[in-house]
Structure formats: structure tokens, C-alpha cells
Amino acid sequence: MAGITGYGAYVPMLRLALGKKGGPERAVANWDEDAVTMAVAAAIDALRGIDRASVDAVLFASTSYPFKEKQGAAIIAKALDLRRDVSTTDVGDSLRAGTNALRAGLDAVNAGSAKRVLVLAADTRMAAPRTALEANIGDGAAAFLLGADDVVATFERSHTVSDEIIDVWRADGDPFVHTWEDRFVVDHGYRDNVVEAVRGLLTKAGVAPKDVTKAVLFGPDARSHATVAKKLGFEGAQVQEPLFGRLGNAGAAFTPLLLAAALAEGKAGQRLLVVSYGDGADALLFTTTPQAERLEGRRGVAWHLARRAEMPSYDMYLKFRQLLATEHDRRAGAGLSATKHFRDRDSDITLRAQKCRRCGQVQFPRQRVCYKCFAKDEFDAVRLSDKVGTVKSFTFDNFAGSPNPPLVAGIVDVDGARLYIQMTDVDPKEVKLGMPVELTFRKIHEAGGTPNYFWKSTPLR
């Protein structure tokens, strides 16, 4: 029977205070992050120790993916160095996109059309500045590997309610999410649909609320979340912490992130009720297996929440989102040549280097002649993106086109290859020679109106 065989999570390091320092906050993506880069980070977490050639399909769920006509799952598959014949699908336009993708992946495994499916959900939504809705929104991503072998949580059954209601929406071309009057949204949208979906699932499964170990519930805010949990008959200990005041509502990734957190705490034989909302509601029931206690090496939600850095100011956040008028945005320009991107995509997106068959020297970027033993055209491709590197030199540039100067760049040694790359999520004071770093997929610029992705280094934490 199909189920979850692995999971991963990603929460941006930056936190934006919602009031006084030390009080509630929300996770916000750095200026070089978006739904794609966060999905790649979550996927790397989920794929630790997994043969990437075994992944048959990728489903990417998001309401904030930067392209309107270009597949995000294909970019992610390339960044992860998956097989060329991997099936890729985008799922969007609804807060339920995350659980829609999860259900589609489980159906594919049960139907036999795929043996191992990678499901990703990521969002970086924006509400109008200084609104109540903005204070409840956070950024993040979750990843799940689905299959029928070595299952961590077995999928039991599901129930869905579809509804037509104008409560939360974002029109094409509008950067901001909008919402109708709060009481109407909660009473007639969120509460009614979630209660109906959960009760329908519990009736199907013959399960009472007291039999649920953890209720992983979507919520637009902490108060509404607590009200619905109580109405459904769940005690406080049964409800997965919704992370308001620490993370925020991460859109299509919110329920998946809470599920990843529940799995990290899970023991064998637990029932997990997973519920999302958006133009209706999805409710899914899982049962954990002994494998849940044996799965190791995942960073998960808790690790990312502990790894935090405070955003210096609200104005800095607005600058990162390009919501402040500036004299000139040095990140802009004519755009990336599609021909050059096509020619260099193995190096730029996959971070694929080459290893000399004669002397074993790893080199990046790829070239025809080994600079160590001078062998010609005798190389094997190797992936560097999941390796740990060491800082060999660095510089601080206060005049480069960064919204948060100085831009930090330097030479990083990865398995013998020397990469000249930027650093991110780093305080200039902590940069040192010999410092271990890992590689992270990020935006370099948005010249021509489209994101240009490459890899950066970040301190190994």
C-alpha cells in the first residue's frame, strides 16, 4: 500500500518581528529565494541517502511560482539531477495544491504508474504591506517521497469537499493576496469546509476524534485554528502546533510543513489526520509504521526554526520584495540569453562538474583538457550540489547589485574543484578561511523579468 517513505522541510533563516523584539515573528524568504529555490532545498533534505535515479515523478505545488507559462517541476528536477525521463507536473492556483499533489502522487503509486514520487510544496505569498493578513503569512517548503516500500506512514483513505466561495484570492498580475471580511471567511469558508471534510473522513474510516494521535490542521490564523480544533472534538495534545508566531501560514506548503513536523515526532502506530483548506477542504488519514522511528538524517522543521536570523527592519523586508521605490535596481537588465542558458544548464542548474578518469581531479566548469594531467576528453560527470565545500578565499563587495550589501563572494573548494560563487544567509563577520559551507540553489538576479538561478554557498550549520 502506498505511503510516505521520506520527508524533508525548509524554512528560510530570516525572521520578521510582528511587534517587539523577542515576540511573535514570521519566516520570510531572503531576496534570492522563491518557491523554486525553497522546494529544491526541501527536496535535498528528503533525498538524503536516496538514489536519485529511483525517482519516477515530481509534483510541485505552489501558488506563488514566479512563471505563468514555464514548468517549475522541470527546473527542480534539473537542479536535483534527476533522470531525464522523470515525469514532472505543476499543481497550483489553490491553497489545497499541496495536498492535491500529495493525493495525486499516492494515487500514482497505488495505480502502478510510478514506484517513487517526489511531492513538493512551497510558497512565498505576499499580502498588502502592514495589513493583518500580511502578519499571518510565512514562507516555507516541504517535500515527501512516496512509494510502497519502507513506508514511514501508510495512506489509509481521504475525503474531499469542493466549494465555491470568494474568501481568499489573488488575480493574475496582482502581487498581493486578498481576503474578504474575516468573520465571513472563517465561518462560511474555513470552518464549514474543514469540519465537513474531517467528519466525512472519520465516518468513512470508522474512527472517532479520540482515536486520532495528531490532527495536522490548516488554519488562517491561530484563533480560528484553535476554534475549529475544539469544534472537531480534539484535545490540545492531539493538535499539531500550527507555528503561528514562529513560521506563519505558508500557503500551499502550510499543511505539508506541519505534516513533516508531525512525522519527525512520530512513533509507530500513530494515526495522523492531515487537513488543508482552499475552495473546499482535503482530509487524509495516515498510520505511522516502525520505519518512522528508524528514519534518520532529516533536518526537518524544528532544525530550521532553530536556525534563525532577525530581519534588521521592515523597510529591509519591503526592499527584498521590491516594494520600495529605488533610484535604480542594479539587478535588472536585458535578461539571460536562452541559448546560453540551454548550453550551460548542466553546469548552472544541476551544478554538474567533471572528474578526470586518469588522475581523479574534479573540475568546474567543464572543459576538454584536464588542467592537472592534461588528459583530453577523459572525464565522468559528477554532481557537486550535495557536497560540503571549504572557503579558500573571499571578498566583500559593497557596490555590487545586492539589496543587502555587502555581497559576499569567494572561492570554494568542493571535492577538489574550485568554484567562484556568492555566499548567502551569512553575516560578513562569520566568514573565515577554511570555513565549511554547503551549496544552496538561489536566484542570482531577475534580469529581463525572469529569475536566473544558480548555486550559492552558505555556512554549514
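1. Start with Asp93. Asp93 is found in the loop between strand E5 (87-92) and helix H3 (97-111). This is a predicted model. Asp93 has a relative accessibility of 73%, so Asp93 counts as exposed. Its phi is near 70 degrees, a positive value in a residue other than glycine. Most residues other than glycine have a negative phi.

2. Asp279 also deserves a look. Its phi is near 50 degrees, again positive in a residue other than glycine. Asp279 sits in the loop between strand E12 (271-277) and E13. Is Asp279 buried, exposed or partly exposed? At 31% relative accessibility, Asp279 counts as partly exposed.

3. Follow the chain into strand E13, residues 280-288. Leu284 lies in this strand. With 2% relative accessibility, Leu284 counts as buried, because buried means under 20%. Beyond residues up to four places away in sequence, Leu284 touches Thr99, Leu106, Phe155, Arg157, Ser158, Leu201, Leu272, Leu273 and Val274. Leu284 and Leu59 are 225 residues apart in sequence. In space, their C-alpha atoms are 18 Å apart.

4. Leu285 lies in strand E13 as well. Leu285 counts as buried, at 2% relative accessibility. Which residues does Leu285 touch, not counting those up to four places away in sequence? They are Thr154, Phe155, Glu156, Arg157, Leu201, Ala205, Val207, Leu272 and Leu273. Leu285 and Lys115 are 170 residues apart in sequence and 21 Å apart in space, C-alpha to C-alpha.

5. Now the nonpolar cores. The largest has 76 residues. Phe144 and Phe286 have the most contacts inside it. Leaving aside neighbours within four places in sequence, Phe144 is in contact with residues including Ile4, Gly6, Tyr7, Leu102, Val117, Leu118 and Val119. Pro256, Leu259, Ala260 and Leu263 are also among the contacts of Phe144. Another core lies apart from the largest one and has 55 residues. Among them are Ala39, Leu145, Leu351 and Ile421.

6. Helix H7 spans residues 254-264. How many of its eleven residues are buried? Ten are, and the helix is mostly covered. The buried residues include Phe254, Thr255, Pro256, Leu257 and Leu258. Leu259, Ala260, Ala261, Ala262 and Leu263 are buried too.

7. Next, a helix pair. Helix H5 (residues 182-205) and helix H6 (residues 222-231) have axes that come within 10 Å and cross at roughly 35 degrees. The crossing is right-handed. From H5, the residues that meet H6 are Val186, Tyr190, Arg191, Val194, Val195 and Arg199. Their partners in H6 are Ser224, His225, Val228 and Lys231. By class, this contact has five nonpolar, two polar and three charged residues.

8. Check two peptide bonds. Most peptide bonds are trans. The bond from Phe364 to Pro365 is cis, with omega near -5 degrees. Pro365 lies in the loop between strand E16 (362-363) and strand E17 (379-383). A cis peptide bond also joins Pro405 and Pro406, with omega about 5 degrees. Pro406 lies in the loop between E18 and E19.

9. Finish with Ser402. Where does Ser402 lie? It is in the loop between strand E18 (388-397) and strand E19 (407-414). Ser402 counts as buried, at 10% relative accessibility. Its side chain reaches the backbone nitrogen of Asn404 at 3.1 Å. Not counting residues up to four places away in sequence, Ser402 touches Trp31 and Leu407.

Notes: Residues numbered from 1 in each chain as written. Predicted model: local features only at pLDDT ≥ 70, side-chain atom pairs only at ≥ 80, totals over all residues. Heavy atoms only, no water. Helix = DSSP H or I, 4+ residues; strand = E, 2+ residues; numbered from the N terminus. Buried < 20%, exposed > 50% of the residue type's maximum accessible area, 1.4 Å probe, protein only. Polar contact = N/O pair within 3.5 Å; in protein donor to acceptor, adjacent residues only side chain to side chain. Contact = heavy atoms within 4.5 Å. Axes fitted to C-alpha atoms, helices over the stretch in contact; angles between N-to-C directions. Left-handed = near helix turned anticlockwise from the far one by under 90°. Nonpolar A, V, L, I, M, F, W, Y, C, P; charged D, E, K, R; others polar. Core = buried A, V, L, I, M, F, W, Y, C linked by side-chain atoms within 4.5 Å.
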